[in-house]
Amino acid sequence: MIKVDNSAKRRIFTESKTQKVLSLKAQIEKKIETLEANRTYNYDKALCKFEKELNSKNLSVFKFKNAIELKIDELLQPQQQLSESFKRELQKLKKSLYLILVGDISQIRFFIKQLRDNGSLLIHLYCDETNHPKSNDYKKFQEIFEDLYKKELSNHSIKKSFFEMFEDINVCPYCNRNFINPIYKKTKIGCDNETQSPDIEHFFPKSMYPFLSLSISNLLPSCSFCNKIKSNVDTFNNCKSPYEIDNKIDFLFEFNQDAQDINKRNVTVKTKLNNSEILHLENLYNEVHLHYINDIYFDVFSHPEKYLNELSSTLKADESEQRKWYKSFFRNYADEADFNKHPLSKLTKDLFNHLNSVKQT
Ligand SMILES: [Zn+2]
């Protein structure tokens, strides 16, 4: 797992490149930043005035909000025969759409908590002990958000604008193993696909929390393995989103001597979260990447003096020299901010720290 920036700039996107639209986008982002810096979080009050602006329809937040409102209004029509309690919840939901669409991950989590604590009808937990079946009201509600997600985020140019917000991320933030760069071909060969995108992963599954289908703080580009293996697990308890984790605390690789071969190392993942188990990470790293770890071990321990000399002279140099040495030795990025650029960067950095601790003992 790798930390991903959840700042306001990552929460609104547009297909338009005109100055007027981009300037409106910048104003709204600034407003969100101020709101969150002041810890006031009244997204709905702060953003509704921008809705009337001439270019607002070009921005994802207003486009999605209008589309959701229309669909909820349709659902509230008498012929849909929804229960009065479900209708009341939908009316309340309509008042929180800005929060849902652009709120940061902590506010999304807080919103979910309130609904869960109140036994909301808008959430369906598959692992609920009572395992009650979905109500017809819920099925209709889930269907409209499923359709909205497909309509609003499956179109090629919209998807392209969404992925542009994440163009600094080359590797899946869940596994830090697979590249996720979209492909945009200039020419076709026969009937091949001109474009190919990574998956868009819902951290809180849309089958349980349909109202988060278009919430940007719930969406992340991911590899298809992680998206599929995560599937419909309820991630509300004891899991953190890549937007929430702390790379140094929440998720650490540890290296242990192999029981059969003292020259080899295995990997364990030290974490209090369930993410690693859900994503099968410890097993994957042991099954697929042990040779990578053991190659580095071999390089270090076959010539330990050389490594230690290089390391101690590098540590005396400035930061850019240190980075250069790390890149040439480990073929990866040393800075946390760059972990999303290359596969296995987090594993490599933890291995580097481990080697230094071994060296000192
Ligand atoms: Zn992945």
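Reader: Is the crossing of H3 and H4 left-handed or right-handed?
Author: A crossing is left-handed if the near helix is turned anticlockwise from the far one by less than a right angle, and right-handed if clockwise. Helices here are DSSP runs of H or I with at least four residues, strands are runs of E with at least two, and both are numbered from the N terminus. For H3 and H4, the crossing is left-handed.

Reader: Before we go on, what kind of model is this?
Author: Residues are counted from 1 along each chain as its sequence is written. Local features need pLDDT of at least 70 and side-chain atom pairs pLDDT 80 or more, while totals for chains, interfaces and linings use all residues, as this model is predicted.

Reader: How do H3 and H4 run relative to each other?
Author: H3 packs against H4 (residues 84-94) at about 165°, with axes 11 Å apart. Axes are lines fitted to C-alpha atoms, for helices over the stretch in contact, and angles between N-to-C directions go from 0 to 180 degrees. Under 35 degrees counts as roughly parallel, over 145 as roughly antiparallel, 65 to 115 as roughly perpendicular, and the rest as oblique. So H3 and H4 are roughly antiparallel.

Reader: Which residues of H4 make the contact with H3?
Author: Contact means that C-beta atoms, placed from the backbone, lie within 7 Å. H3 brings Glu-69, Ile-72 and Leu-75, and they meet H4's Leu-90, Leu-93 and Lys-94.

Reader: And how does H3 (residues 60-75) lie against H7 (residues 136-153)?
Author: Their axes come within 11 Å and cross at roughly 150°. That angle makes H3, relative to H7, roughly antiparallel.

Reader: What separates the centres of domain 1 and domain 2?
Author: Domain 1 covers 8-230 and domain 2 covers 252-360, with bounds from an automatic or database domain assignment. Each domain gives 13 residues to their contact. Taken over C-alpha atoms, the centres are separated by 36 Å.

Reader: How much of the chain counts as buried?
Author: A residue is buried if 20 or more other C-beta atoms (placed from the backbone) lie within 10 Å of its own, exposed if 12 or fewer, and partly exposed in between. Of the chain's 361 residues, the buried share is 29%.

Methods:
Contact = placed C-beta atoms within 7 Å.
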